[in-house]
Structures are given as structure tokens and as C-alpha cells.
Amino acid sequence: MRPAALAGSVLESDCSWQRFPIEVTVAKFLADGMLGKLARWLRALGVDCAFCNGAPDDELVRRARQEDRVLLTRDRRLAERRLLRGRVVLVAGDDWPDQLAEVRRAFDFSAEIRPLSRCLECNTPLEAAAPAEVADLVPPYVLKTQRQFLRCAGCGRVYWAGTHRGRIQATLDRLRLHGLESPGDPPGQKKEEV
Ligand SMILES: [Zn+2]
């Protein structure tokens with residue numbers, strides 16, 4: 001089997017586990033403790049990415065299999081575990097844009113990109129909330145100037161487009177430099193669907 005699906009410039013040598021392309025069908029990830037920033041940016045793009053900080057390797061393996069997730073790790077020994085065949089990406093890049101591009105080469109999650117649809121902190125899908133519902137949770141000036149709010153049922157955080165839209169758009173612009181593009185509508189329009 002060709003390793004092309006996972007072959008990045010950094011990964012092309014000495015990666016026996018690359019013989020096993022990703023077999024998970026739905027783009028769901030689990031990031032290990034060294035990839036917290038990558039997990040946040042996957043979430044910012046709307047991609048399901050759980051995060052396990054400080055969990056033992058066995059727990060990461062168990063959870064990835066139980067929840068049918070692709071494990072993202074910088075630990076080569078962990079990536080080579082037999083039980084993770086077909087569901088692991090060994091992330092080599094040091095910066096999150098490079099890491100995102102690596103993950104996308106291994107598993108194209110472009111169709112899942114829906115910016116600002118998932119909580120950056122806890123990965124829970126966000127729900128639309130009326131201004132009156134979040135009046136006590138956001139600063140007064142935000143309540144005056146924003147009309148669209150999103151709330152996380154998991155941790156209670158409230159998001160509004162004004163601040164986050166610009167950051168995510170800037171991120172997408174940067175990612176395009178790395179060959180990672182969102183198909184379809186611009187993210188500013190997609191956000192209205194949330
Ligand atoms: Zn949350």
C-alpha cells in the first residue's frame with residue numbers, strides 16, 4: 001500500500017506506520033497533550049477534536065478506538081501502536097499551521113469546515129442564542145453592538161461574531177498559504193447557519 005496519503009515533506013522517511021492510511025470515515029480527532037493549540041484551531045474551524053492533556057497512552061488508545069477518532073500525536077512510539085493502525089497521525093510540525101496542513105494531508109477534513117460552530121474550550125457544538133438569553137453573560141458594550149450570539153451548552157461560554165470572525169478569517173487566510181482551503185462559501189457567510 002502506498003504511503004502517499006500521509007507523505008509530507010517531513011514525514012517521508014522512516015515512518016513504518018504510514019503503510020496504514022486513515023480508515024476512520026468521519027473527521028473526528030483526538031489530540032494528545034502536546035497538541036492543545038492544534039486542537040483549538042481545529043475546533044475554531046468547526047472540526048470535532050477532543051483533547052486529552054496528561055492522559056496515559058493506554059487511555060488515548062482506548063478513547064480513540066471507543067469514540068472512533070483519529071489520534072493526533074507527536075509521540076512516534078505511540079503512533080506506532082498496533083491498536084492505532086488506520087487511526088493515527090504522527091504530527092511532525094512545530095507550528096499549528098504546519099500541523100493543520102499535516103493533518104489535512106492525512107485526512108481531508110475540508111468538508112467539515114464550519115468556522116465558529118464549535119466551542120474552542122470544550123469541543124461542544126455551539127447553539128444560537130438570542131441577545132436576551134446572554135444579556136447577563138457578556139459585557140454591556142458587546143450586547144449593544146452585537147446581534148448574533150452563540151452559546152456552548154457544555155461550558156457556558158458565549159461567542160459573538162464580531163471578535164471571533166475576524167480572527168478565524170485571518171486564520172483561514174494564513175492556512176491558504178499552506179494549501180489548506182475551505183471549500184464553498186466564505187466563512188463569514190457560513191457562520192450565519194450556526
Ligand atoms: Zn464549551
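This report describes the fold, sheets, core and selected residues of a predicted model.

## Overall composition

The chain holds seven helices and seven strands. Their sequence order is β-α-β-α-β-α-β-α-β-α-β-β-α-α. Of the 194 residues in the chain, 33% are buried. Taking contacts between residues at least 6 apart in sequence, 57% connect residues at least 24 apart.

## The four-stranded sheet

Four strands form an open sheet in the order β2-β1-β3-β4, and the pairing is parallel. Because β2 (48-51) and β4 (88-90) each have a single partner strand, they stand at the edges, and one side of each has no neighbour in the sheet. On average, neighbouring strands of this sheet are turned by 25° against each other, direction ignored.

Strand β3 covers residues 70-73 and is joined to β4 in the parallel sense over three bridges. Within this region, threonine 73 is placed opposite leucine 90, a residue of β4.

## Helix α1 against the sheet

Helix α1, residues 36-44, lies across β1 (28-31), β2 and β3. The helix runs at about 150° to β2. Its buried residues are Leu38, Ala39, Leu42, Arg43 and Ala44. An α-helix has 3.6 residues a turn, so residues three or four places apart point the same way. Glycine 46 follows α1 and has a positive phi, near 95°.

## Cysteine 52

Where does cysteine 52 sit in the chain? Cysteine 52 is in the loop between β2 and α2 (57-66). The residue counts as partly exposed because 19 other C-beta atoms lie within 10 Å, while the buried class requires 20 or more.

Leaving aside residues up to four places away in sequence, cysteine 52 touches Leu30, Asp32, Gly33, Glu59, Leu60 and Arg63. One of these contacts, arginine 63, is 11 residues from cysteine 52 along the chain, and the two C-alpha atoms are separated by 9.5 Å.

## Nonpolar core

The largest nonpolar core contains 42 residues. Ala31, Leu72 and Val89 have the most contacts inside this core. Domain 1 (4-112) and domain 2 (126-181) each contribute at least three residues to the core. In soluble globular proteins, nonpolar side chains tend to be buried together.

Which residues does valine 89 touch, not counting residues up to four places away in sequence? They are Val70, Leu72, Glu102, Val103, Ala106 and Phe107.

## The three-stranded sheet

A second open sheet has three strands in the order β5-β6-β7, with antiparallel pairing. Its edge strands are β5 (126-129) and β7 (158-160), each of which pairs on one side only. From one strand to the next, the twist averages 35°.

Strand β6, residues 149-152, is paired with β7 in the antiparallel sense over three bridges. Arginine 151 has valine 158, in β7, as its bridge partner.

How values were computed: Residues numbered from 1 in each chain as written. Predicted model: local features only at pLDDT ≥ 70, side-chain atom pairs only at ≥ 80, totals over all residues. Pairing = 2+ DSSP bridges. Helix = DSSP H or I, 4+ residues; strand = E, 2+ residues; numbered from the N terminus. Axes fitted to C-alpha atoms, helices over the stretch in contact; angles between N-to-C directions. Buried ≥ 20, exposed ≤ 12 C-beta atoms within 10 Å, placed from the backbone. Contact = placed C-beta atoms within 7 Å. Core = buried A, V, L, I, M, F, W, Y, C linked by C-beta atoms within 7 Å. Domains from an automatic or database assignment.
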